[in-house]
Amino acid sequence: MEVLGEHYRTIWLNDDNWSVTVIDQTRLPHHFQLTHLSSLADAIDAISNMVVRGAPLIGATAAYGICLGLHADASLESLRNAAKGLKAARPTAVNLQRVVDDMTSLLSPLPEYERCKVAYSFAAELCDADVKTCYQIGTHGLAIIEDQWRKAKNEGLQRLNILTHCNAGWLATVDWGTALAPVYMAHNSGVPIHIWVDETRPRNQGSHLTAWELAQQGIPHTIIVDNAGGHLMQLGEVDLCIVGTDRTTRSGDVCNKIGTYLKALAAYDNDIPFYVAVPESSIDWQISDGLLEIPIEERDGREVSHIQGQAENGELQEISILGSESNISNYGFDVTPSHLVSGLISERGLCEASSYGLRSLFPERFPDYA
Ligand code: MRU
């Protein structure tokens, strides 16, 4: 995507061919700042402190984290150490666990002198594949938006209102995004869209990241507080919802940023289509029950008690917004059961949110039914 007219991915290998650069997402929307990762510890910190975030980008950063660990020491012990540290960085997005497991299986049997080179190739290919996947999700999602727009136009509407939660745009992936890829393509092909952007407390991925992304691409959008979506749906101001996912089960239950479930409930009650953009890399084929089997991250209460903003001198500042000694709970994600999801948009196309639907697109993942 373009930032101030220049094309960026969210992560790339530097000219030295071993260190990595990422966009520091903790400083957006106020400062567009790049950060250098030159060790395994840098990669782990970037993931756990949300310098990078979003399931696909966390996976890509983990891949380069393994590379950086092996660049310093290519022994088997170092590989195991990197895998353990990275997996503990964040629990919910399955991409992280999958990438680390895949790389560990690929690299462990190799002789030490080959490990690092193969790891870097794996990471580069993973990033390219992620861009392609998101592009394909975009094209499949575009068909849904065009279809909704045809209906809206027939009803005399001037624009199509789409609601999204959190950030599932290009910042959450290597490029294009998952839920926002169809939005970018619709905008590029002239569909008059307007996006309702959920603020997404406590980390404000909506108001800080999604809104910034959309503004960069010139897409009309409005930031709303997290509780406003249901009201807008009742007023007929939302035609379609599209969100991303951090982990989707083989039965189509969708785990995504906290608050997604409530939007799905409101959409269901108001008969509004609620789609989830799901790259295969975010599907956990091992589990079927999202509520029982997905580890939900609980983060520091400071994310709730404090908020970051820009002071008049341009510096970013964190201020306390709570005045008491109250207890704080800070669940990062929730699970939307499959029956509330109108459909899953994957790189292979659209399917019902169910094991039957996923089997139609990914038959190789259901060998017992072959
Ligand atoms: O806590 P985050 O910012 O890493 O949360 C992940 C997300 O960005 C969202 O849940 C998103 O909708 C899924 S990732 C494309």
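A residue counts as buried when its relative accessible area is under 20%, as exposed when over 50%, and as partly exposed in between (1.4 Å probe, protein chains only). N256 is buried because its relative accessibility is 5%. This is a predicted model, in which local features need pLDDT of at least 70, side-chain atom pairs count only at pLDDT 80 or more, and totals for chains, interfaces and linings use all residues. Residues are numbered from 1 along each chain as its sequence is written, and side-chain values use heavy atoms, with hydrogens and water left out.

**The ligand and its shell**

- The ligand is surrounded by 18 residues, each with a heavy atom within 4 Å of it.
- The closest of these residues are R53, R90, D246, N256 and K257.
- By class, the shell has seven nonpolar, seven polar and four charged residues; Ala, Val, Leu, Ile, Met, Phe, Trp, Tyr, Cys and Pro count as nonpolar, Asp, Glu, Lys and Arg as charged, and the others, Gly among them, as polar.
- Helix 2 (55-72) and strand 11 (254-257) each give the shell at least two residues; helices (H or I, at least four residues) and strands (E, at least two) are DSSP runs, numbered from the N terminus.

**Polar atoms at the ligand**

- A polar side-chain atom of N256 is 2.6 Å from an oxygen atom of the ligand.
- For K257, a polar side-chain atom is 2.7 Å from a ligand oxygen atom.
- G54 places a polar backbone atom 2.9 Å from an oxygen atom of the ligand.
- The ligand taken alone exposes 400 Å², and the protein buries 100% of that (Shrake-Rupley method, 1.4 Å probe).

**N256 within the protein**

- N256 belongs to strand 11.
- A polar side-chain atom of N256 lies 3.4 Å from the backbone oxygen of G244.
- The backbone nitrogen of T245 is also 3.4 Å from a polar side-chain atom of N256.

**Backbone features in loops**

- The peptide bond from L28 to P29 is cis, with omega near 10 degrees, and P29 is in the loop between strand 4 (20-23) and strand 5 (34-37).
- R201 and P202 are also joined by a cis peptide bond, with omega about 5 degrees; P202 is in the loop between strand 7 (193-198) and helix 7 (205-216).
- M50 is not a glycine, yet its phi is positive, about 65 degrees.
- M50 is in the loop between helix 1 (40-48) and helix 2, and counts as buried because its relative accessibility is 4%.
- D271, a residue other than glycine, has a positive phi near 60 degrees.
- D271 is in the loop between helix 9 (260-269) and strand 12 (274-277), and is exposed because its relative accessible area is 71%.

Notes: A polar contact is a pair of N or O atoms within 3.5 Å; within protein, one must be able to donate a hydrogen and the other to accept it, and residues adjacent in sequence count only if both atoms are side-chain atoms.
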